[in-house]
Amino acid sequence: PLEVILKYYPDDSELRRLLIHHSTQVAAHALGVAARHPELNLNTDVLYRGAMLHDIGIFRCNAPDIYCVGDLPYICHGIEGRKILEQEGLDRHALVCERHTGAGLSADNIINQHLPLPHRDMLPLSVEEQLVCYADKFFSKSGNLTEEKSVEHVMQQMKKFGDDSLQRF
């Protein structure tokens, strides 16, 4: 996954360092859960690569507080990541990108909230997708970058997006 990151983030920059730091945290958390739950029989390669690449599309979005100076709303980073990874032939990992935003988004969420996204379900389906989505919630790309959020804190944050998001988490 690092070669893909370096292809799209070629310059040593704050954004590349932030992306790699955050993605490494998410991957470590997800792999830790996988190690504690061998009964899930997870594909750890898909899990690791999906976690490392889940935010590959952020550079196309406008979020200056995390060094992103693209043109699109930040909520589009998942679908942009899907496009990038499909071009790279990483179709399974591309779905992780699209489906990790929030705790996944239903077509109804997208339509009812007037989100600038395609009107389709973007919900994590495989256990690997669900686990990347879960692990991502524990680490911020702004503010304190080293502290892992507590489950209680994540649940408080998820509650803001509705009961369906909280239930998926």
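**Figure 1. Order of the elements along the protein.** From the N terminus on, the elements run α-α-α-β-β-α-α-α-α-α-α. In this count the protein has 9 helices and 2 strands, where helices (H or I, at least four residues) and strands (E, at least two) are DSSP runs numbered from the N terminus. The model is predicted: local features need pLDDT of at least 70, side-chain atom pairs count only at pLDDT 80 or more, and totals for chains, interfaces and linings use all residues. Residues are numbered from 1 along each chain as its sequence is written, and side-chain values use heavy atoms, with hydrogens and water left out.

**Figure 2. Y67 in the loop between the strands β1 and β2.** Y67 lies between β1 (62–63) and β2 (68–69). Its phi is near 70 degrees, a positive value in a residue other than glycine. Most residues other than glycine have a negative phi. Y67 counts as partly exposed because its relative accessibility is 42% (buried is under 20% relative accessible area, exposed over 50%, partly exposed in between; 1.4 Å probe, protein chains only).

**Figure 3. H114 in the loop between the helices α6 and α7.** The loop that holds H114 runs between α6 (107–112) and α7 (127–136). Phi of H114 is near 55 degrees, again a positive value in a residue other than glycine. With a relative accessibility of 70%, H114 counts as exposed.

Figure 4. Of the 169 residues, 49% count as buried. Among contacts (heavy atoms within 4.5 Å) with a separation of 6 or more, 58% come from residues 24 or more positions apart.
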